[in-house]
Amino acid sequence: MLVSGGVLRQFLCDVFAARKLGRRSTGSAGRGVGGGPHVSTSNLILRPGKTPARDLEKLERALYVTDLMGFGFNGVTGDYSQGAAGFWIERGERAFPVSEITVSANFDDLWKSVDALGDNLDTRSSIQSPTIRVAKMTVGGS
C-alpha cells in the first residue's frame, strides 16, 4: 500500500535506493533495453473512487485529457509538463477535441489538487487507474 486515506505510507525502493535511504527494498526495480536497473512499478493499481466517471465531466469549463505524450518531470523541483490531447468541456458537455497542447503543474500541487476519482478502472495495462479529476493545472496551446 503506497497511499492510504490521501497519505503517502511507503516509498518504492529497489535494492540501491533502499540502501541509500536506510530502508528495506520493496522489490520495485525495472530495467529498460540497454539501461541499468532503476526504481519502477509493475502491477500498480490505483483503486477507483465512488463518483460515476461520466459525472466528472459535469463542469462549467474544463479539459478532459485522454492522451499524454512525452515525458517532462524535474525530480529536484517537482515541475511537471507533458503534451496532451483530449476534449474541451463547456457547460458539462464535450464541446470539441483538442490536441497539441501542454498541461503542467508542480507535481506536489497536482496531487493535492485531485478532487475526485471516477468509479471506473482501466484494466488494459499493468498500471491501472480510474479517471482522475484535478481541480487546477496550467494548460498551454490554442
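Arg 94 lies over the face of Phe 87, at 4.7 Å from the ring centre. A charge is said to sit over a ring if NZ of Lys or CZ of Arg is within 6 Å of the ring centre and within 35 degrees of the ring normal. The model is predicted, so local features need pLDDT of at least 70, side-chain atom pairs count only at pLDDT 80 or more, and totals for chains, interfaces and linings use all residues. Residues are numbered from 1 along each chain as its sequence is written, and side-chain values use heavy atoms, with hydrogens and water left out.

**Aromatic pairs**

A pair of aromatic rings is described by the distance of the centres and the angle of the planes. Rings of Phe, Tyr and Trp (its six-membered ring) pair if their centres lie within 6.5 Å; planes under 30 degrees apart count as stacked, over 60 as edge-to-face and the rest as tilted. A search of the whole structure finds three such pairs. In one of them, the ring centres of Tyr 80 and Phe 107 are 5.9 Å apart and the planes stand at 55°, so this pair is tilted. Tyr 80 belongs to strand β7 (residues 79-90) and Phe 107 to helix α2 (residues 107-112), so the pair ties together parts that are 27 residues apart in sequence. Helices (H or I, at least four residues) and strands (E, at least two) are DSSP runs, numbered from the N terminus.

Phe 107 also pairs with Trp 111, in an edge-to-face arrangement with 6.1 Å from centre to centre and 90° between the planes. Both residues lie in helix α2, four residues apart, about one turn of the helix. Phe 73, Tyr 80, Phe 107 and Trp 111 form one aromatic cluster.

**Exposure and the nonpolar patch**

Buried means under 20% relative accessible area, exposed over 50%, and partly exposed in between (1.4 Å probe, protein chains only). Tyr 80, at 13%, counts as buried, whereas Phe 107, at 31%, counts as partly exposed. Trp 111 is partly exposed as well, at 46%.

Phe 107 and Trp 111 are also members of a nonpolar surface patch with Leu 46, Phe 71, Phe 73, Leu 117 and Ile 132, which together have about 670 Å² of accessible area. Patches are made of residues with over 30% relative accessible area and no salt bridge; like charges are joined within 9 Å, and nonpolar side chains (Val, Leu, Ile, Met, Phe, Trp, Tyr) within 5 Å. Accessible areas come from the Shrake-Rupley method with a 1.4 Å probe, and for residues only the protein chains shown count as cover. Ile 132 lies in strand β11 (residues 132-134).

**Salt bridges**

Side chains of opposite charge can pair when their charged atoms come close. A salt bridge is a side-chain nitrogen of Lys or Arg within 4 Å of a carboxyl oxygen of Asp or Glu. The count comes to six salt bridges, including those in the table.

| Salt bridge | N to O distance |
|---|---|
| Arg 54 and Glu 57 | 3.2 Å |
| Lys 58 and Glu 93 | 4.0 Å |
| Arg 133 and Asp 115 | 2.9 Å |

Arg 133 in strand β11 and Asp 115 in strand β9 (residues 114-117) link distant parts of the chain, 18 residues apart. Salt bridges that share partners join Arg 54, Glu 57 and Arg 94 into one network.
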